[in-house]
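Hi everyone, thanks for making time.

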Amino acid sequence: MASMGPKVVKQLSFFQKIKYAFTNWYIYACGYRQLGLRAEDLIMDDVPDVAEAVKRLPRHEQDLRSFRLKRACDLTMKHIILPKDQWTKPEEDISYLFPYIDLVKKERLEREKWDHQ
């Protein structure tokens with residue numbers, strides 16, 4: 001989730017500004033950025049579609065995801081968070097897994113469609 005720039009926020013309506021402020025508060029309250037995680041790191045790969053999507057990620061991205069998850073587990077066990085300069089910044093919290101999940105779901109649905117004909 002990339003953050004909006006100050007010019008864009010000024011152009012929003014009152015309710016959009018409230019929603020934007022609540023969204024930012026909620027993301028901070030969740031605490032995953034303080035552990036160095038991205039939002040899509042929270043999607044567990046128990047679901048077959050997600051597991052297949054993770055397998056299709058480039059090797060480097062798989063390694064980064066694994067490192068972030070292991071580091072977050074370690075920090076959680078120690079009851080500490082990262083120093084503020086190492087937190088995931090809003091501009092770094094971009095979508096990297098959803099395109100693969102969408103592709104895997106489309107392929108599965110197409111395969112199921114062909115199997116039922």
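So, which hand does the crossing of H3 and H5 have? The crossing is right-handed, and by definition that is when the near helix is turned clockwise from the far one by less than a right angle, with anticlockwise being left-handed. Before I go on, a word on the source: this is a predicted model, where local features need pLDDT of at least 70 and side-chain atom pairs count only at pLDDT 80 or more, while totals for chains, interfaces and linings use all residues. Residues are numbered from 1 along each chain as its sequence is written, and side-chain values use heavy atoms, with hydrogens and water left out.

Back to our pair. Helices here are DSSP runs of H or I with at least four residues, numbered from the N terminus. The axes of H3 (residues 48-56) and H5 come within 8 Å and cross at roughly 120°. Axes are lines fitted to C-alpha atoms over the stretch in contact, and angles run from 0 to 180 degrees between N-to-C directions. H3 and H5 are therefore oblique to each other, the label for whatever is not under 35 degrees (roughly parallel), over 145 (roughly antiparallel) or 65 to 115 (roughly perpendicular).

Who makes the contact (heavy atoms within 4.5 Å)? On the H3 side the residues include Asp49 and Ala53, and on the H5 side Val104 and Arg108 are among them.

Zoom in on aspartate 49, in helix H3. Aspartate 49 is buried, at 10% relative accessible area; buried means under 20%, exposed over 50%, and partly exposed in between, using a 1.4 Å probe and protein chains only. Leaving out residues up to four places away in sequence, aspartate 49 touches Val104, Lys105 and Arg108.

Next, arginine 65 in helix H4. Is arginine 65 buried or exposed? Buried, at 4% relative accessibility. Not counting residues up to four places away in sequence, its contacts include Glu40, Asp41 and Tyr96.

For contrast, look at histidine 79, in the loop between helix H4 (59-78) and helix H5 (98-115). Histidine 79 is exposed, at 74% relative accessibility, and has a positive phi of about 60° although it is not a glycine.

Last one: how many disulfides are there? The count is 0, where a disulfide is a pair of cysteine sulfur atoms within 2.5 Å.

Methods
Helix = DSSP H or I, 4+ residues; strand = E, 2+ residues; numbered from the N terminus. Contact = heavy atoms within 4.5 Å.
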